[in-house]
Amino acid sequence: MESMARQRTPVEDDDNPDDPPATMLPELEDREWLHHAQEFAHTSFWAVARRLPRLVREAVGLAWSTNRRDTVTSIGLNIAAGVMTTFGLLATTSVLRELFAAGPTPDRVRSALPALIVAASAVSARGGLTIAAGWAQARLTPQINYQVELRLFEATTAVDLAAFDDAGFAEEMDRARDRGMAEAAWIVDHTVNLVTGVVGMLATAVAVTVIQPLLLPCLLLAAVPQAATAVRMARREYLAMLARITRRRRMWMLAHLMANRRTAAEVRAYQMRDFLLAEYRGVMAVETRAELRLVRSQTGTRVVGATMAGLATFGVYAVLGGLLLGGMVALAAAATALLALQSARTSMGVAVVATNSLYEDALYYQDYRDFLARAHARVPVGGDRSTDGVDVIELDGVSLRYPDTDTPAVDRVSLTIRRGEVVALVGENGSGKTTLAKLIAGLYQPTGGVIRWDGVDAAELDPRALGAQVAVMTQEWWKFPFTAGQNIRVGRHDRPPDRPGPSVQEAAGAAAAHDMIVGLPHGYDTLLDREFKDGHELSGGQWQRLVAARGLYRDAALLICDEPSAALDARAEHALFQHLRRHPDRAVVLITHRLANVRHADRIFVLDQGRLIQQGSHDELMAAGGLYRELFELQASGYRADADDALPR
Ligand SMILES: Nc1ncnc2c1ncn2[C@@H]1O[C@H](COP(=O)(O)OP(=O)(O)OP(=O)(O)O)[C@@H](O)[C@H]1O
């Protein structure tokens with residue numbers, strides 16, 4: 001371990017800095033979202049500038065729809081600050097003119113005083129306006145982030161479940177969430193900066209034109225090297241970022257593995273520390289060298305830029321000198337021109353960087369907008385017929401084929417479920433039980449056949465009304481980082497006080513979870529996530545009891561239990577199944593591989609490769625022979641063998 005831990009500086013190795021580490025994994029290769037970055041890297045600045053009006057319109061529209069007052073304030077105050085720049089420069093010329101005039105110094109200072117006051121006021125006003133504009137601009141950022149995030153999550157929680165099986169959709173969602181969403185506030189920020197820069201340049205140009213129009217071309221000439229250097233540096237930095245992006249993703253991934261509670265146990269159990277640290281060091285060495293090379297080349301660009309800017313300034317001085325000698329410009333005007341030059345340079349730098357950034361970030365923001373459009377198209381519309389319960393659910397030739405798959409997961413299944421019944425779905429792994437259960441629950445829409453609720457096509461029912469009749473204890477439950485009580489209550493968080501149904505404690509009792517919860521440090525108020533202060537962790541089986549309690553608390557007309565007892569001990573399993581027995585107001589669909597639990601079901605449906613191959617009661621299926629009987633006897637023989645082996649000899 002120590003040999004691995006020997007501290008090398010990241011720049012010690014001398015392999016090619018651009019070589020990816022030897023163990024680079026394929027999934028870490030550049031992904032589609034990088035295309036925008038590459039597009040930007042290969043687009044000329046002029047092409048970018050041509051798209052500016054549309055981008056600015058978009059950004060202003062976004063800011064406007066978020067908060068009109070702050071948008072107007074931010075842009076308006078920046079323009080006002082620009083006007084103050086013009087006043088300041090003009091007043092400065094007057095001051096200098098008075099100071100350079102003939103006569104005794106006290107007289108000259110006295111006559112310069114009014115212009116001096118105007119100049120000082122203009123500078124102060126400009127400072128104040130800029131600060132106020134910055135405040136309005138900063139106020140916009142959190143408001144935009146809030147709006148944009150809310151819109152995204154309103155969309156992601158409304159789309160149909162099937163959308164999440166579509167790889168394209170999932171990737172677009174990742175791009176919109178990880179990058180596009182964050183860019184919204186930035187494009188507004190860049191736009192305001194662009195406006196600030198352009199207004200600053202215009203203000204300077206107006207002042208110079210008033211003083212002496214011939215100086216205007218000089219001003220532009222002097223600002224060009226500055227702009228060229230800013231563009232070049234921004235682009236170089238961007239290209240370096242592109243080259244480093246795969247390495248950085250690998251570093252994030254490794255960092256996540258080394259500093260994460262969920263991976264901590266396995267990292268230790270497999271003694272992966274040295275391996276992970278060596279990988280991290282390898283990538284970091286390459287990364288650090290790449291950064292050092294960037295710093296070096298940026299410094300080179302800066303030197304070239306500064307030299308060019310120096311030459312341009314020298315040229316401007318020469319022109320100014322010529323104009324002065326030729327008597328075409330007064331000394332005071334020439335001095336102001338130098339101040340204007342400085343101001344124009346700063347403004348142009350701001351505008352150029354803002355243009356570059358705006359273009360780049362707008363590409364990512366477009367991802368976000370595209371995703372929202374795609375998500376809205378995937379929100380289930382359904383019908384408008386309401387339902388407040390169900391007596392009979394019929395599946396008529398129902399099929400479901402997942403996107404991009406060749407064979408249907410559920411293939412032309414017809415069956416009937418009645419209120420008051422307990423039915424079971426049985427079959428080997430991958431036979432389609434969970435998929436069928438999700439179809440019955442309305443979580444997926446069939447790609448063939450029809451599901452009827454009391455004779456009405458489920459597609460004609462209001463999806464919210466239908467969903468309200470269903471409770472699903474899923475096989476892949478999530479450990480919600482809420483309190484124990486909330487974890488149960490979210491089963492029907494909007495339950496009106498007058499709606500009958502079990503209390504949280506009753507539901508927990510039915511799922512054999514009550515005693516366990518009461519024993520937690522804060523009982524039902526115990527937070528179930530160790531990553532938060534005072535958080536508590538439950539065992540897998542304890543979690544499953546909570547999941548069962550949530551399903552029972554929901555108290556729905558159709559209860560679907562997908563492997564509800566896989567992690568439960570024998571006592572908890574027994575208690576739960578006591579509560580999953582027949583109930584006159586409820587239909588239960590049970591999926592389990594523990595076939596002893598389905599013996600008492602009213603009907604058992606046996607699936608094989610998506611097809612319904614057998615149905616009947618336990619006794620009927622045992623008498624008929626076939627897959628059910630084979631699976632049941634296999635399991636039963638296992639118990640008998642265990643029992644025999646366990647006997648003392
Ligand atoms: N989201 C999905 N996208 C694509 N295929 C899927 C998806 N979910 C399941 N499948 C496929 O559909 C088939 C049926 O899966 P399903 O989960 O319904 O089986 P199951 O009978 O519940 O299996 P198990 O007993 O292992 O829980 C399998 O071949 C599986 O690979």
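Predicted model: local features only at pLDDT ≥ 70, side-chain atom pairs only at ≥ 80, totals over all residues.
I looked up the contact between domain 1 and domain 2: four residues of domain 1 touch four residues of domain 2 (in contact means C-beta atoms, placed from the backbone, within 7 Å). On the domain 1 side of that contact I found two nonpolar, two charged and no polar residues. For the classes, Ala, Val, Leu, Ile, Met, Phe, Trp, Tyr, Cys and Pro are nonpolar, Asp, Glu, Lys and Arg charged, and the others, Gly among them, polar.

Numbering runs from 1 along each chain as its sequence is written.

Next I checked the bounds, which come from an automatic or database domain assignment. Domain 1 is 2-11 + 51-377, domain 2 is 382-469 + 556-649, and domain 3 is 478-555. The centres of domains 1 and 2, over C-alpha atoms, are 59 Å apart.

Then I turned to the sheet. It is open and antiparallel, with four strands ordered β2-β1-β4-β5 (strands are DSSP E runs of at least two residues, helices H or I runs of at least four, numbered from the N terminus; pairing takes at least two DSSP bridges). Its edges are β2 (410-418) and β5 (456-457). I traced β4 (448-453) to β5 over two bridges, and Trp-453 has Val-456 as its bridge partner.

Last, the ligand. I got 13 residues around it, with Tyr-402, Ala-409, Asn-429, Thr-434 and Thr-435 nearest (near means a C-beta atom, placed from the backbone, within 6 Å). Helix α12 (433-440) gives the most to this shell, three residues. By class, the shell has nine polar, two nonpolar and two charged residues.

Conventions. Contact = placed C-beta atoms within 7 Å.
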